[in-house]
Amino acid sequence: MLTKLTGGIVYDPANKVNGKKKDIYIKDGKIVAKPRNVEPDKEYNIAGKVVMAGAIDLHTHIGGGKGNIARMLMPENHRIDPVAHTDIKRAGTGHAMPSTFTTGYRYAEMGYTAAFEPAVLPINARQAHMEMGDVPMLDKGGYVMLGSDDFYLRMMAANKDQQAINDYVAWTLRAAQGVGIKVVNPGGISAFKFNQRQLDLDENNKHYNVTPREILKSLATAVKELGIKHPLHVHGSNLGVPGNIQTTLDSIAGVEGLPMHLTHVQFHSYGTEGDFKFSSGGAELAEAINKNKNMSVDVGQIMFGQTVTASGDNQRQYANHAFSNPNKWVCMDIECDAGCGLVPFKYRDKNFVNALQWAIGLEIFLLVKDPWRIFLTTDHPNGAPFTSYPHLIRLLMDKSFRNDMLATIHPEAQKMTTLGSITREYTMQEIATLTRAGAAKITGLVGRGALGKGDWADITVYTENENREKMFEKPDYVFKDGEMVVKDGEVVKTVWGTTHVVRPDYDKSVEKDLKKYFDKYLTMKMGNFAISDDEMTEDGRGSLTVHPTVGEKI
Amino acid sequence: MTEITEVPSPFCGIGSDDLTIQADGVSIKVTKNGCAVNTPAFEQAITDTSPRVDGKEVSLEWAVVRAVKILKAANQPVIGGCATDVNGMRALMALADRSGSVVDNMNFTGAKRNILAMQDSGWMNTTLAEIKNRCDLFIVVGCDLEAFSPRFYERYLWNKESMFLDDTADREVIYIGKPPSGSASTSPNKAKAKVLECADADLPEVVAVLKALIKGNPVFADQVAGLAVADLQEIADKLKSANYGVVTWAAGALDFPQAELTVQTICELVKDVNASGVRCSGFPLGGKEGDQTANQVCGWQTGYPARMRFSSDIPEYDPFLYDINQMFDNGEADAFIWVQAFNSSAVPPQGGKIPTVVLGRSGMTFEEEPDVFIPVGTPGIDHAGHAYRLDNVVAIRLKKLRDSGLPSTAEVLTAIEQGLVI
């Protein structure tokens with residue numbers, strides 16, 4: 001079947017197409033060149049409408065144990081946002097941490113076609129994939145968390161060589177079916193289990209005598225040498241601590257030019273100036289990112305309102321539990337592997353700290369110059385639920401709207417930010433880069449986030465509207481793998497995306513040590529740990545897409 | 001005869017996955033690492049393989065047709081048990097969503113004590129591998145742990161080696177409430193568990209005093225429920241000087257009114273120990289008959305644990321109103337589906353003469369034959385699947401051990417759901 005989208009204005013940064021009128025032809029799920037002498041079976045007249053690839057969220061907590069604890073913790077938050085079933089949709093609930101089906105529908109209804117879970121604990125990876133297996137409409141994938149697991153820290157303490165580390169990283173990635181490697185508060189989750197309540201970049205984990213800086217370097221090297229396209233995905237040390245901008249700058253220096261992605265960097269860009277000893281490090285952060293081309297970031301913008309923070313960083317979550325609103329919170333130590341912490345938050349525009357957090361996120365968005373190295377996230381649900389993206393896009397694209405909002409926040413916070421003086425407005429092409437082309441490139445997806453010949457036909461069509469929030473919250477059409485799945489902002493067909501993975505080679509002899517370790521210290525046999533391909537596909541809906549890796553020694 | 005090693009068990013809740021079994025046709029023998037819970041559960045013979053309608057053997061298709069008819073005629077169907085694997089629970093939720101049913105896990109009345117506490121104030125918990133490697137002080141509140149889980153001590157406390165303890169035999173075990181029924185809690189160097197015995201009904205008071213002592217609040221009594229406050233003070237001091245104390249309880253065993261408040265007190269005292277400057281964790285016991293699995297799947301699909309309903313086309317959660325036993329007593333249900341793929345002696349509660357469909361483990365016998373009985377395969381024996389361990393983080397991959405021809409819960413429930421579409 002040949003489908004034609006006629007007359008749309010295409011923004012496709014991957015192919016350097018910037019707002020050009022262009023017809024798109026779709027066959028067998030992919031974009032094809034204009035066929036000769038063949039009439040389309042189906043034509044959509046989208047004259048004058050804005051066409052982009054399906055959007056990709058590279059950091060959103062949509063699957064895994066901590067998210068499910070967050071769901072269970074907040075029944076009152078679901079009660080305000082029930083979602084009824086229809087002939088084609090399952091029932092579910094919103095709001096801060098929606099149920100899986102509702103997550104898929106709502107993403108698709110905003111024009112998204114892929115989302116990545118950024119904190120897959122290897123021991124909890126089955127759950128992450130099973131939950132994502134119940135997220136319809138989207139492609140998905142997970143970054144596998146390492147760096148506070150005892151096997152790795154024992155290797156570091158024993159000064160194992162980089163090759164051995166690489167083998168372990170690749171083995172874990174394969175066992176947990178991941179597409180990238182994540183580190184959360186490097187070594188800090190482990191340190192908390194030894195009762196260290198904080199851990200600076202150059203502070204030793206007191207049991208292993210290993211520092212976060214050493215962990216960053218070792219894992220970033222492994223990712224590079226294994227050829228994993230997505231740079232080491234880093235939730236840095238000292239999240240939320242005033243003055244942590246210095247930690248962040250030191251971390252950037254610490255990886256010595258290796259590719260590194262700093263996630264929810266807003267939470268890591270705080271100074272200690274001013275009457276309240278809390279200030280913006282947004283400009284310093286942006287300068288460092290502009291200068292260091294090895295770096296990429298996503299912002300983790302906060303929005304005002306109720307949410308729940310869900311993080312693997314139980315050390316920092318424990319430290320922040322006093323801010324929980326409502327006053328209930330969960331921390332867990334997990335399986336000599338990692339941990340998690342759930343703390344409900346209500347960000348308020350009249351609270352000085354929250355107001356400045358909001359401004360810092362926007363400063364970072366507007367001061368980082370290269371749209372290929374910065375990504376649009378709220379660290380869902382930690383800064384805000386993903387459903388706030390259209391509002392965020394309006395803040396980026398509309399200076400007067402942004403300044404109107406700025407005028408409503410805590411007055412002392414207004415004085416502590418340069419936001420009002422920043423005149424930049426994101427262009428349509430830049431938004432397409434942040435949310436499509438750039439996100440596909442940095443996660444190593446082949447054939448996604450782009451509208452060239454041979455790319456998968458994940459396509460979103462919007463009606464141009466001066467009010468960018470209105471425009472981006474309700475696409476006219478969304479096509480997933482060539483099928484029309486959303487019309488006028490409503491799901492019209494349920495489809496199931498693929499799971500993206502990478503599988504760098506490793507020396508199988510790594511399993512000798514691992515088997516002994518599992519038998520002695522863990523609670524599961526090594527043979528029962530790895531997730532088989534069957535498990536990913538036996539429900540009849542799931543599939544795997546393996547992306548290439550090209551390793552290089554450094 | 002086939003030997004299969006590293007077999008995981010869905011029965012014991014603690015995820016033992018080192019069993020060796022021999023399969024001879026459809027008969028199973030546990031030849032290594034069995035226990036009083038797992039061995040009989042694996043070895044139970046298959047008795048019936050045919051579905052029955054009104055007590056007569058019929059084809060699966062016919063049994064499904066009857067089940068569909070019952071659901072179509074119902075105003076308020078309820079689905080109880082929910083004892084199955086992840087895919088079974090997924091199918092159960094899809095059916096409940098389509099039919100507007102109540103979903104009620106059979107262990108929810110116990111589990112609710114934990115869930116209510118968690119949803120009100122949260123907790124700080126840990127998992128089995130952390131216990132195995134770190135725990136130096138283990139406190140059991142109101143539960144006979146070895147009866148609950150015969151291999152718990154062997155696997156997770158008296159393990160030979162641990163990463164962070166010099167000698168695991170030096171761990172200290174203390175019971176508050178029920179004394180242990182055997183000697184599993186006695187350490188390899190013969191140190192017996194210390195026991196502060198009291199009645200279950202006295203636990204709220206005893207635990208509250210322990211919490212006060214940890215906080216350093218003044219306690220003027222010398223005795224509480226027959227226990228010396230000085231002995232409780234000693235436990236408080238030990239918790240505050242341990243490197244990694246763990247306090248465990250089984251919500252199902254705390255069978256007295258408002259036991260959720262006792263669970264909450266336990267969770268809060270764990271937080272207090274952490275606030276005092278040392279680490280300490282809670283550890284709720286459960287995970288049997290697929291209860292964690294039911295709550296997890298229901299949780300991610302609806303946002304709520306497994307006592308909820310779809311009656312108004314949306315998920316609604318109420319830990320009290322949607323108790324199916326209470327609904328039966330009040331005449332609020334008019335069709336009943338019972339799902340129990342693990343345990344043939346867990347028969348459905350009497351639904352009060354309403355049409356009843358049972359998906360049960362082969363061998364289930366009834367005082368009153370249900371309208372429809374469909375013997376289903378047991379996850380981890382008859383088909384592969386996934387089940388959650390008690391610590392809620394680890395889903396174990398269950399293996400298929402034999403070819404019994406029994407359908408899975410998921411297959412049967414999906415067929416019923418599809419029947420409702422037509």
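In strand E10 of chain A, Val144(A) is the bridge partner of Val120(A), and this pairing belongs to a predicted model. Strand E9 (residues 112-120) of chain A and strand E10 (residues 139-145) of chain A pair in the parallel sense over five bridges, where two strands count as paired if DSSP finds at least two bridges between them. Helices (H or I, at least four residues) and strands (E, at least two) are DSSP runs, numbered from the N terminus.

**How to read the model**
- Residues are numbered from 1 along each chain as its sequence is written, while chains are lettered from A and ligands numbered from 1 in the order in which they are written.
- As the model is predicted, local features need pLDDT of at least 70 and side-chain atom pairs count only at pLDDT 80 or more, whereas totals for chains, interfaces and linings use all residues.
- Chain B has an average pLDDT (the predictor's confidence in each residue, from 0 to 100) of 97, with 100% of the residues scoring at least 70.
- For the complex, the predictor gives an ipTM of 0.97 and a pTM of 0.98.

**Strands around E9 of chain A**
- Nine of the nine residues of E9(A) are buried, a word used when 20 or more other C-beta atoms, placed from the backbone, lie within 10 Å of a residue's own.
- Strand E6 (residues 55-57) of chain A runs parallel to E9(A) and is joined to it by three bridges, with Ile56(A) standing opposite Ala114(A).

**Two helices of chain A**
- The axes of helix H5 (residues 150-157) and helix H6 (residues 162-175) of chain A come within 10 Å and cross at roughly 175°, the axes being lines fitted to C-alpha atoms over the stretch in contact, with angles running from 0 to 180 degrees between N-to-C directions.
- H5(A) and H6(A) are therefore roughly antiparallel to each other, a description kept for angles over 145 degrees.
- Phe151(A), Tyr152(A) and Met155(A) of H5(A) make the contact with Ala164(A), Ile165(A) and Tyr168(A) of H6(A), and two residues are in contact if their C-beta atoms, placed from the backbone, lie within 7 Å.

**Where the chains meet**
- The contact between the chains takes 49 residues from chain B and 47 residues from chain A.
- On the side of chain B that touches chain A, the largest share, six residues, comes from helix H5 (128-134) of chain B.
- Strand E18 (residues 329-334) of chain A pairs with E8(B) in the parallel sense over four bridges, and there Cys331(A) has Met124(B) as its bridge partner.

Definitions and conventions
Angles under 35 degrees count as roughly parallel, over 145 as roughly antiparallel, 65 to 115 as roughly perpendicular and the rest as oblique. A residue is buried if 20 or more other C-beta atoms lie within 10 Å of its own, exposed if 12 or fewer, and partly exposed in between; C-beta atoms are placed from the backbone.
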